[in-house]
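The points are numbered and can be read in order.

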Amino acid sequence: MDKPLIQVKNLKKYFDTPSGYLHAVDDVTFNIEKGKTLGVVGESGCGKSTLGRLILNLIQPTEGEVLFDGQSVTGANHQQMKALRRQMQLIFQDPYASLNPRMTVSQAIAHPLKVNGILKNKADIERTVDELMETVGLASRYAFSYPHELDGGRRQRIGIARALSLNPSFIVCDEPVSALDVSIQAQILNLLMDLQDERGLTYMFITHNLSVVKHISDDIAVMYLGQCVEKTSSRELFKHPLHPYTKALLDSIPVPVLRKGARKKRAIAGELVSPINPPVGCRFAPRCPFASEKCTCQEVPLKEVEPGHFVKCVLF
């Protein structure tokens, strides 16, 4: 079996606050195979974006290790990290805030090429920018437009072209379609999937939209208050969810009901545990209908209960 492109081992990130340590990411472990997509889902504030930035070494972890193709990312020096950054890129959530308003479309896409010294000849840079714009579906007439002159979908295409400019093999997609209209979301998702097929890209796709993650992901990791509570293939997760939180998330997907007597959806009750110095045990226990004393008296490990299906719950 081939070595995974991304290996995350016991990754932790705690932020020091006046009230104590905020456990943003707490002991997360997983692998991402080459050419595959790992979807990361969960409520706002569960640590999805922090996890993405830790993998890219944009913020330093408290503990743990990240490996890219066998090479340590968390232990890399400045020169090693500069080389790794060409292979690991990020597509941001907000397609407007992530672009420099003073740069035209062509300048924004060309910027990584110039900073990394990939191309120095002006004609080569212009040709590469034209090719990238064509790749992401941006008409050449927008080359000298500014971000404020474009809609959200075209702005996000600029972000994708910019991420592709260094020809990376791994991209963290941090909710890249959440700020877009539904019809534009589908276009961007299809573009990302086509690029993956053409270039053999590996994605970590962060989202809170379960319909989106089902469409694009090979595997899915469900996060809750900084911890991974379930991880398995996309097909298996939607067919056979095990963790009560995963079931609650799936139960929250709105479905049109055209007949009387259909089963009503149940909202998740209870209060969130504070992520600052959280208590021992399952962090979902106060909101879980199956919680018992066993859930709060010991740490619950993430266990493989079926082949390729990991869950963090005392019920299994």
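1. In which order do the strands of the open sheet of 8 strands lie? The order is 6-7-8-3-9-10-12-11, and the pairing is mixed. Strands pair if DSSP finds at least two bridges between them. Helices (H or I, at least four residues) and strands (E, at least two) are DSSP runs, numbered from the N terminus.

2. On provenance: this is a predicted model, in which local features need pLDDT of at least 70, side-chain atom pairs count only at pLDDT 80 or more, and totals for chains, interfaces and linings use all residues. Residues are numbered from 1 along each chain as its sequence is written, and side-chain values use heavy atoms, with hydrogens and water left out.

3. The edges of the sheet are strand 6 (88-91) and strand 11 (303-306); each has a single partner strand, so one side of each lacks a neighbour in the sheet. From one strand to the next the twist averages 20 degrees. Strand 11 pairs with strand 12 (residues 309-311) in the antiparallel sense over 3 bridges, and Lys 303 has Val 311 of strand 12 as its bridge partner.

4. Strand 8 (residues 202-206) has 5 of its 5 residues buried, so it is largely enclosed by the rest of the structure. Buried means under 20% relative accessible area, exposed over 50% and partly exposed in between (1.4 Å probe, protein chains only). Thr 202, Met 204 and Ile 206 are buried on one side of strand 8, and Tyr 203 and Phe 205 on the other. Strand 3 (residues 37-41) runs parallel to strand 8 and is joined to it by 4 bridges; strand 7 and strand 8, also parallel, are joined by 5 bridges. Phe 205 stands opposite Gly 39 and is the bridge partner of Cys 173.

5. Which strands does helix 2 (residues 78-87) lie across? Helix 2 lies across strand 6 and strand 7 (170-174), at about 55 degrees to strand 6. Helix 9 (residues 244-251) packs on the sheet and touches strand 9 (219-224) and strand 10 (227-233), its direction making about 105 degrees with that of strand 9. Axes are lines fitted to C-alpha atoms, for helices over the stretch in contact, and angles run from 0 to 180 degrees between N-to-C directions. Contact means heavy atoms within 4.5 Å.

6. Helix 5 (residues 152-164) packs against helix 6 (residues 182-199) at an angle of about 20 degrees, the axes being 10 Å apart. The two helices, helix 5 and helix 6, are therefore roughly parallel to each other (angles under 35 degrees count as roughly parallel, over 145 as roughly antiparallel, 65 to 115 as roughly perpendicular and the rest as oblique). Residues making the contact include Ile 160 and Leu 164 of helix 5 and Leu 191 and Leu 195 of helix 6. By class, the contact of helix 5 with helix 6 has 7 nonpolar, 3 polar and 2 charged residues. Ala, Val, Leu, Ile, Met, Phe, Trp, Tyr, Cys and Pro count as nonpolar, Asp, Glu, Lys and Arg as charged, and the others, Gly among them, as polar.

7. Helix 3 (residues 105-115) and helix 4 (residues 122-135) cross at roughly 115 degrees, and their axes come within 10 Å. Among the residues in this contact are Ile 109 and Leu 113 of helix 3 and Val 129 and Leu 132 of helix 4.

8. In helix 1 (residues 48-55), 6 of the 8 residues are buried, so helix 1 is largely enclosed by the rest of the structure. Asn 57, which follows helix 1, has a positive phi near 65 degrees.
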